[in-house]
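Subject: Structure handover

Hello,

Please find the structure below. My notes on it follow.

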Amino acid sequence: MRGPSRQAVDRVTLGALGLVLVPAGALVVGTGPSLAGRLPSWWPDGLPGSVLVSPEGLTDLRGAAWWTPSVIALGTVLTALSGLWFISLCGRGVRSGRVRLPGPGGDLRLRALRDVLTRRTVSVEGVERCRVHLRVKGRHLHVRTRVWIHPHTAPATVQAPLSAVLTEARESLLPYSVTGGTRISTLGHRRSRTR
C-alpha cells in the first residue's frame, strides 16, 4: 500500500513533464517572426515551412553508429516507464490507502477504516485488545482480525458480537464485497511476583 509519498512523486513527475513539454511545445509551435529574434541561436526558428531537423542533418545523424540504437533504446525505456506508471495509477484507489465509495466525498482511508474496526472490536465485552489487517483487491476487501480476550471470557460469547462488527462493515462498504476472518486468543493470567 502506497500513501502520500507515492502521490507526491506522481505530482512532481507530472509537474516536471508539464514544465518541460508545455513551454517547449508552445515555443516550437507558436513562434512567429516577432519572437524569432529573441530566441537563442540553437533554438529552431519555427517559421512556416521550417523543420526541426533538416534532411541533411537527419542523414548525418543516421550515418552515426550511435544514433539508431540510442533512439530505439530511449523509445523503449520511455515506453516501458510510461506503461509501468500507467499500471500503477490504475490501482491508485488501493495503493493510495483509500477505498473509493460511490457518492460525493466517498473516499475512505484504510487507516481510518482500520481504526474504526479496531475501536468497534475492542468495545465488545470480554475483548482486551485486537489488531486489524485490511487487504483490498479490486472491489473486494478482506478483513483479518486478531483478538485477545480476557482469561475468564469464553470465546463463544464474543463470536456473535464480532460477526456483527463484520456485518456492519459489509453493509457500510457497498459496493465492495467484504470477507473476514477472526483469530481469538486468550490472554494468560498474570502472575503476581513478591520480593
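Arg129 sits over the face of Trp148, 4.1 Å from the ring centre; the criterion is NZ of Lys or CZ of Arg within 6 Å of the ring centre and within 35 degrees of the ring normal.

This is a predicted model, in which local features need pLDDT of at least 70 and side-chain atom pairs count only at pLDDT 80 or more, while totals for chains, interfaces and linings use all residues. Residues are numbered from 1 along each chain as its sequence is written, and side-chain values use heavy atoms, without hydrogens and water.

The rings of Trp66 and Trp67 have centres 5.7 Å apart and planes at 80°, so the pair is edge-to-face. Trp67 is partly exposed, at 24% relative accessible area (buried is under 20%, exposed over 50%, partly exposed in between, with a 1.4 Å probe and protein chains only). Buried residues account for 21% of the 195 in the chain.

The chain has seven helices and five strands (DSSP runs: H or I of at least four residues, E of at least two, numbered from the N terminus). Their order along the sequence is α-α-α-α-α-β-β-α-β-β-α-β.

Of the contacts (heavy atoms within 4.5 Å) between residues at least 6 apart in sequence, 54% join residues at least 24 apart.

Regards

Notes:
Rings of Phe, Tyr and Trp (its six-membered ring) pair if their centres lie within 6.5 Å; planes under 30 degrees apart count as stacked, over 60 as edge-to-face and the rest as tilted.
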